[in-house]
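Subject: Structure for you to look at

Hello,

Please find the structure we talked about below. My notes on what turned up in it come after.

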Amino acid sequence: MADYETITVEQRPEANGAVTLITLNRPKALNALNSKVLEELIDAFAAYEADRGQLCAVLTGSGDKAFAAGADIKEMSEKAAADFYLEDFFSPWTSEIVKKTRKPWIAAVNGFALGGGCELAMMADFIIASENAKFGQPEIKLGVAPGMGGSQRLTRAIGKSKAMEMCLTGRMMDAEEAERSNLVARVVPHESLLDEALKTAAQIASMPPMAAIANKEMVNAAFETSLDQGLVIERRIFQILAASEDKKEGMAAFVEKREGKWKGR
């Protein structure tokens with residue numbers, strides 16, 4: 001397993017070792033996202049995706065204060081507009097992590113998830129939040145705007161009015177409001193956040209692997225296509241799964257009242 005400077009990666013014992021835990025590890029900087037962090041995240045997610053033995057991942061932040069308190073402002077303040085444009089800044093991280101990670105992953109938000117931190121959490125398939133979590137897109141206070149999908153994913157998650165208010169005022173949303181607004185799947189006690197996230201990841205990892213990827217693809221299609229197109233995608237994926245060995249095993253296990261033994265094919 002690769003050695004990293006700004007993150008840690010471990011394969012957990014849950015689900016027979018099928019769960020990957022990735023931790024942002026810049027606690028003194030409240031896990032702020034700089035180019036090094038994001039490059040290492042791309043590498044870690046690529047390794048997770050490539051390892052057929054790893055079936056669900058959890059991303060969290062080190063320390064009690066922050067998941068990630070935004071992008072590294074010092075790094076960004078020194079960049080010229082032409083550099084942002086010519087590098088297509090942010091695009092590689094968004095596309096590499098989101099589009100190329102077909103297997104499920106969860107964001108376990110333990111504190112501040114602001115700016116890029118909120119955007120990174122929203123890239124996950126879903127968020128489990130500590131009761132201490134706070135979310136926000138405060139970029140307007142710096143004279144800029146979200147750049148890693150904040151205006152788009154936040155609006156899709158919580159609706160135009162609330163997203164518009166948050167982006168225009170920079171205010172933070174607490175965990176209770178985030179759950180009520182459908183930004184997070186659920187809120188758990190702060191001290192049990194990681195345990196709950198890993199337990200959920202283990203539950204996902206115990207499912208048929210091909211079916212897990214397929215279910216993720218189906219749900220994502222609902223945000224990217226019309227209803228008619230989405231229904232066609234759903235039917236086609238179901239039909240593909242119907243030919244899998246895991247479908248045959250799953251239905252036999254149900255009839256025989258036993259646990260399924262999955263092959264991921």
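Helix H11 supplies 11 residues to the lining of the largest pocket, the largest share. The model is a predicted one, and every value in this email was computed from it. H11 spans residues 209–224. Other elements that each give at least two residues to this lining are helix H5 (91–100), helix H6 (116–123), strand S7 (126–130) and helix H7 (150–158).

The volume of the largest pocket is about 1300 Å³. Its lining is made up of 40 residues, and the closest to the pocket centre are Met-123, Ala-124, Asp-125, Asn-220 and Phe-223. By residue type, the lining holds 24 nonpolar residues, eight polar ones and eight charged ones.

Opposite Ser-130 stands Val-188 in S10.

There is also an open sheet of four strands, again with mixed pairing, ordered S4-S6-S8-S9. Strand S4 (66–68) and strand S9 (173–174) are at its edges, and because each has a single partner strand, one side of each is left without a neighbour in the sheet. Strand S8 (residues 134–136) and S9 run antiparallel and are joined by two bridges. Phe-135 has Met-173 in S9 as its bridge partner.

Last, the cysteines. How many disulfides does a search of the whole structure find? The search finds zero. Is Cys-167 buried or exposed? Its relative accessible area is 17%, so Cys-167 counts as buried, the cut-off being under 20%. Cys-56 is buried as well, with a relative accessibility of 0%.

Regards

Note on methods:
Residues are numbered from 1 along each chain as its sequence is written. This is a predicted model: local features need pLDDT of at least 70, side-chain atom pairs count only at pLDDT 80 or more; totals for chains, interfaces and linings use all residues. Side-chain values use heavy atoms; hydrogens and water are left out. On a 1 Å grid over the protein atoms alone, a cavity is a set of points where a 1.4 Å probe fits but cannot get out, and a pocket is an open set with protein on both sides within 12 Å along at least five of seven lines; lining residues have an atom within 4 Å of a point. Grid points are joined across faces, edges and corners, and a volume is the space filled by probe spheres set on the points. Ala, Val, Leu, Ile, Met, Phe, Trp, Tyr, Cys and Pro count as nonpolar, Asp, Glu, Lys and Arg as charged, and the others, Gly among them, as polar. A disulfide is a pair of cysteine sulfur atoms within 2.5 Å. Buried means under 20% relative accessible area, exposed over 50%, partly exposed in between (1.4 Å probe, protein chains only). Two strands pair if DSSP finds at least two bridges between them.
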